[in-house]
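Hello,

Here is the structure I promised to pass on to you. Please open it next to this email, and then read on for what turned up in it.

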Amino acid sequence: MTSPSFEDIGYRVLYGRYVTRTDSDHPRYGELNGGRIMRPGRFYAGRLARALIEDAAAITDPELEALLDHGWRPRLTAAWLIGVDRRTSFRERLGGLLLDSETCYAGAGYCFALARFGTDAAILTAYLDRYLPRTDLVHDQPEALGALLRLDARLGTDRAARFTGPDGLWAGWVRARSRPDDRPYATPRELRRRTDLACEFTDGWDWSR
């Protein structure tokens with residue numbers, strides 16, 4: 001049996017420290033996936049926010065790169081840490097990962113980070129142009145649209161309008177997904193609200209809980 005390399009051991013340490021860290025009744029990646037972390041009434045909300053913000057400041061760029069080289073759990077976690085600390089040097093890396101959509105779930109983290117950066121509408125529109133016409137795929141279309149709507153509001157632009165109109169790509173994608181076995185999809189207004197909530201959470205709301 002081959003002994004684990006120094007690199008393998010180092011990655012396992014990173015994985016335990018940042019990805020499966022437990023500040024609630026779920027590991028961190030589980031809290032980040034699906035938005036459980038952002039429910040204001042959650043007992044653990046303040047602890048989760050503090051730990052996430054502290055780790056985002058402490059983790060190094062090489063450590064983030066190591067997490068981004070693996071599966072959806074470390075990629076999702078790394079993207080959130082990048083977004084919380086607004087490490088815009090990762091813009092191109094996250095944009096490439098989002099457009100490639102190699103894994104499930106992680107794309108929501110990339111969209112969060114791009115929303116936090118506040119300047120990356122071109123990446124989000126490129127993603128929506130590519131994946132909204134794919135009505136057979138459920139990737140991160142809602143998260144990307146929510147992030148783009150937030151950027152429009154902050155930048156005074158209207159790039160999302162061509163997607164959200166009555167005959168836009170978003171309406172077509174939702175219609176194609178509206179079957180009994182699918183989850184319902186939110187309105188653009190609700191998608192933006194969720195994105196705003198995520199960004200406000202990582203600025204430290206509800207720390208008193």
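**The loop between α6 and α7**

Y105 sits in the loop that links α6 and α7. Keep in mind from the start that this is a predicted model. The phi angle of Y105 is near 70 degrees, which is a positive value in a residue other than glycine. Is Y105 buried, partly exposed or exposed? Its relative accessible area is 43%, so Y105 counts as partly exposed.

S101 lies in the loop between α6 and α7 too. S101 is buried, because its relative accessible area of 17% falls under the 20% cut-off.

**The whole protein**

Now step back for a moment. The protein has 12 helices and zero strands. Of its 209 residues, 49% count as buried. Among contacts with a separation of 6 or more, 69% join residues 24 or more positions apart.

In soluble globular proteins, nonpolar side chains tend to be buried together. In this model, the largest nonpolar core has 60 residues. Those that touch the most other members are L67, L94, L98, L124, L128 and L145.

**Helix α6 and its cover**

Two of those core residues, L94 and L98, are in α6, where L94, G95, L97, L98 and L99 are buried. What covers the buried residues of α6? The cover includes α4 (61-68), α5, α7 and α8 (121-131). For a closer look, pick L94: apart from neighbours within four places in sequence, L94 is in contact with L68, A79, I82, Y110, A113 and F117.

**A buried arginine**

Next, go to R87, in the loop between α5 (72-84) and α6 (91-100). R87 is buried, with a relative accessible area of 13%. Which side chain does the side chain of R87 make a polar contact with? The partner is D61, at 2.7 Å. Not counting residues up to four places away in sequence, R87 touches A56, A57, I59, T60, D61, L64, I82 and F117.

**Two helices side by side**

Helix α7 (residues 106-117) packs against helix α9 (residues 141-155) at an angle of about 5 degrees, and their axes are 9 Å apart. This makes α7 roughly parallel to α9. From α7, the residues that make the contact are A108, C111, L114 and A115; from α9, they are E143, A144, A147, R150 and L151. Sorted by class, this contact has seven nonpolar, no polar and two charged residues.

An α-helix has 3.6 residues a turn, so residues three or four places apart point the same way.

**One last stop: T119**

T119 is in the loop between α7 and α8. Leaving aside neighbours within four places in sequence, T119 is in contact with R91, L114 and L151. With R91 there is a polar contact between the two side chains, at 3.3 Å. How many residues apart along the chain are T119 and L151? They are 32 residues apart, while their C-alpha atoms are separated by 7.1 Å. L114 and L151 also take part in the contact of α7 with α9.

Enjoy exploring, and do write back with your questions.

Best wishes

Conventions:
Residues numbered from 1 in each chain as written. Predicted model: local features only at pLDDT ≥ 70, side-chain atom pairs only at ≥ 80, totals over all residues. Heavy atoms only, no water. Axes fitted to C-alpha atoms, helices over the stretch in contact; angles between N-to-C directions. Helix = DSSP H or I, 4+ residues; strand = E, 2+ residues; numbered from the N terminus. Parallel < 35°, antiparallel > 145°, perpendicular 65-115°, else oblique. Contact = heavy atoms within 4.5 Å. Nonpolar A, V, L, I, M, F, W, Y, C, P; charged D, E, K, R; others polar. Core = buried A, V, L, I, M, F, W, Y, C linked by side-chain atoms within 4.5 Å. Buried < 20%, exposed > 50% of the residue type's maximum accessible area, 1.4 Å probe, protein only. Polar contact = N/O pair within 3.5 Å; in protein donor to acceptor, adjacent residues only side chain to side chain.
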